[in-house]
Amino acid sequence: MNKADWTEADSRKAKRLWETYQKQNNLSDRIGQTVGIDPKNSRIWFGDSIQAIVQQRDREGLNSPLFFQRVGTETYFRKGGHQ
């Protein structure tokens with residue numbers, strides 16, 4: 001799967017997977033960590049950064065695109081103007 005193959009449906013599924021995971025697991029010790037969600041395989045990885053998660057997956061021989069979130073926040077990264 002390449003970047004062009006990522007769909008809005010993939011994003012929705014990843015968000016649903018993450019919502020379900022949060023309801024079923026206590027994540028209080030993971031606040032601030034990065035989570036990578038694979039909507040195709042329904043797998044979730046945790047790490048200190050996107051790069052750390054990608055390295056974990058590389059070691060497993062996986063390369064499907066992921067949806068990233070930061071535990072405890074609604075968005076991973078938001079860029080905005082300074083006033």
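Trp-18 and Tyr-21 both lie in helix α1, which covers residues 8–24, and because they are 3 residues apart there, about one helical turn separates them. The model in which they are seen is a predicted one.

Tyr-21 reaches 25%, so it counts as partly exposed. The ring of Tyr-21 also pairs with that of Phe-46: the two centres are 5.7 Å apart and the planes meet at 45 degrees, so this pair is tilted.

The model has 3 aromatic pairs in total. One of them is formed by Trp-18 and Tyr-21, whose rings are stacked, with 5.9 Å from centre to centre and 15 degrees between the planes. Planes under 30 degrees apart count as stacked, so an angle of 15 degrees falls in that class. Through ring pairs, Trp-18, Tyr-21 and Phe-46 are joined into a cluster.

Charged side chains also meet aromatic rings in this model. Which residue lies over the face of Phe-46? Arg-30 does, at 4.0 Å from the ring centre. In another case, the charged end of Arg-57 is placed over the ring of Trp-45, at 4.6 Å from the centre of that ring.

Technical notes: Residues numbered from 1 in each chain as written. Predicted model: local features only at pLDDT ≥ 70, side-chain atom pairs only at ≥ 80, totals over all residues. Heavy atoms only, no water. Phe/Tyr/Trp six-rings, centres within 6.5 Å; stacked < 30°, edge-to-face > 60°. Helix = DSSP H or I, 4+ residues; strand = E, 2+ residues; numbered from the N terminus. Buried < 20%, exposed > 50% of the residue type's maximum accessible area, 1.4 Å probe, protein only. Lys NZ or Arg CZ within 6 Å of the ring centre and 35° of its normal.
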